[in-house]
Every structure is written in structure tokens, then in C-alpha cells.
Amino acid sequence: MAHDVPVPEPTDPLRRLEAVVARLRDPNGGCPWDLEQTHASLTPYVLEEAHEVADAIRHGDDQQLREELGDLLLQVVLHAQIATERQAFNLDAVADAISEKLIRRHPHVFADETAEDSAAVRASWEAIKAQERAQSSGVTKSASPLSDQLGSKVRGQPALAGAMTISKKAAKAGFEWDDMAGVWEKVHEELDELKEAVASGDRSHAQEELGDVLFTLVNVARWCEIDPEDGLAGTNHRFLDRFSRVEAALGGDIQGKSIRELEALWQQAKAAIRAES
């Protein structure tokens, strides 16, 4: 029999969600799956939900965005509940900490400083962050300040976005090609190294070289002022659209079909989508 954990009415939605999650995590009658979860086991779900929020934003779907934000909020509340059970911190502490951080990093709003534009805000934000890092680590000066800053920044980003962040910052610091021809030369160099690594059968080496190719292509995106994340997301969407049409043309079964037949249907799907748009 489930333990009686009170669930507040919707007049206090966040507290209601917190109580629902506490009920799910209750050892006496809670959900077996939720009870098995840890901070580590939930990490993939945090990333997945964040990406689904971004996808909803890209599609401009408010209903989907509301739902995906709720899924992401659930992850925050779950982590806070697990931390509460460990007597580490609770949801209130999470909210208090981010409120204090926002106030501290916006002195132009909550104190007497001024910021004329968003560029000034960003500069102030980074300066305050650097000061916070120095205070928390006890280190006043680093031999590699840009690397330290980038390492801290990209740890919370997907690999593709992190590569763009590193590329932009390194280029701004002067670590840059003279022209686009140099970037393309690097792309071809890395592709050749990837081919050699794949041919060698060394999967670990091939994975490293694949990463080098992708990183160099991110530099191509930066030079062309295009977003690689949006580009790849668009490709994923287009592939699924075309692939669904190939499946439909074959009655949902593509097993045993020749690549020539599949390629012909693929080209038909591309032409149909182009005509529709």
C-alpha cells in the first residue's frame, strides 16, 4: 500500500510537482523505476530533454515547447529530490542559488553599475564569472586563462556547440587561418588522415580522426557564418522525411531491397518534397 504523501492542489504548481516526484521516490509504494534512479543514471535524460526543448524552439511549436520544458523541469526536480534524500540540498536551495547568481551578475540592474548594450553586459558577466572562479579556486592568475575559461564553458555544451565555442574564441585570440583556402586545405588533410585510420582497422585512432574532421568542419561553418547544430538538425529532419516516404512506397518494409531500388525511391522522395515546397 502506498505511503500517504500529500499532493498539493494545482494552485501551487511547482510545489505540486515537487510532491508528485517525492511520491514517486517514496520507498513505501513509490515507482520502482524512479526509485532506481541516481544523478548519474539521469544524466542522459537531462541531455535528451534539453535537446528536445531546442527542437521545439526550432519548429516554433508553443504547445510542444511547453511540454518539453515540463519534461526538462521534471529532471531538475528529480535531481533536487535525490539530493534532498541525501541531505545535500533541496529545490529551494537550487532556486535561491540561481537567484543570487543572477542578482550578482547583473549589477547594472540590481546595483549602481551601468551597461549601455548587450556587449557590455556580456563583458561584465564574463568578468564577474572569472572573479567567482578565482575566489572559489583560490587561484588569482592562470598560465592558460583562455583554455581554463573555455574548458569551464564547454563542459556544459554538446560537443558540436562546444567545438564552435572553442573555434570562435581561439580565432578571436589570433589562432586563425589567413583565408578560407587554408580551412579547406585542413579539411582535406583531416579527411585523408581519417581514411588512413579507418583502413588501419584501429577504431580508437579512427574515432580521434573523425573528431578532427568534425572539428575542422565546424571551422568551415564559422567562416561561412552558419550554425552547424541547426545544419545537422535540419539534415536529420530531411533524412527522416525522405526515409519515411521510401518506407511508405515499400509498404513499410525495406528489408531485402537492393541499394539501387532504395536509391531510386530516395531520389523520388527528394523530388516530391522539392515540388511540394
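Trainee: At what angle do H12 and H13 pack?

Mentor: Helix H12 (residues 228-249) and helix H13 (residues 259-276) pack at about 120 degrees, and their axes are 9 Å apart. Helices here are DSSP runs of H or I with at least four residues, numbered from the N terminus. Axes are lines fitted to C-alpha atoms, for helices over the stretch in contact, and angles run from 0 to 180 degrees between N-to-C directions. One thing to keep in mind: this is a predicted model, where local features need pLDDT of at least 70 and side-chain atom pairs count only at pLDDT 80 or more, while totals for chains, interfaces and linings use all residues. Residues are numbered from 1 along each chain as its sequence is written, and side-chain values use heavy atoms, with hydrogens and water left out.

Trainee: Thanks! What do you call the arrangement of H12 and H13?

Mentor: H12 is oblique to H13 because of that angle. Under 35 degrees counts as roughly parallel, over 145 as roughly antiparallel, 65 to 115 as roughly perpendicular, and the rest as oblique.

Trainee: Which residues make the contact?

Mentor: H12 brings Phe-239, Asp-241, Arg-242, Phe-243, Arg-245, Val-246 and Ala-249, and H13 answers with a set that includes Trp-266 and Lys-270. Contact means heavy atoms within 4.5 Å. By class, there are ten nonpolar, no polar and five charged residues in the contact of H12 with H13. Ala, Val, Leu, Ile, Met, Phe, Trp, Tyr, Cys and Pro count as nonpolar, Asp, Glu, Lys and Arg as charged, and the others, Gly among them, as polar.

Trainee: Let's switch to H3 and H4. At what angle do their axes cross?

Mentor: The axes of H3 (residues 39-59) and H4 cross at roughly 160 degrees and come within 8 Å. H3 is therefore roughly antiparallel to H4. Their crossing is left-handed.

Trainee: Which residues meet there?

Mentor: Among them are Leu-42, Tyr-45, Val-46 and Glu-49 in H3, with Leu-72, Gln-75 and His-79 in H4. The contact of H3 with H4 has 13 nonpolar, four polar and five charged residues.

Trainee: Is Gln-75 buried or exposed?

Mentor: Gln-75 is buried, because its relative accessible area is 6%. The cut-offs are under 20% for buried, over 50% for exposed, and partly exposed in between, using a 1.4 Å probe and protein chains only. Gln-75 sits in H4, which spans residues 62-85. Leaving aside neighbours within four places in sequence, Gln-75 is in contact with Leu-42, Tyr-45, Val-46 and Glu-49.

Trainee: And how do H1 and H4 cross?

Mentor: H1 (residues 13-24) and H4 have axes that come within 10 Å and cross at roughly 60 degrees. That angle makes H1 oblique to H4, and the crossing is right-handed.

Trainee: Last one: where does Ala-206 lie?

Mentor: Ala-206 lies in H11 (residues 203-224). Ala-206 is buried, with a relative accessible area of 15%. Setting aside neighbours within four places in sequence, Ala-206 is in contact with Leu-194, Ala-197 and Val-198.

Terms used. Helix = DSSP H or I, 4+ residues; strand = E, 2+ residues; numbered from the N terminus. Left-handed = near helix turned anticlockwise from the far one by under 90°.
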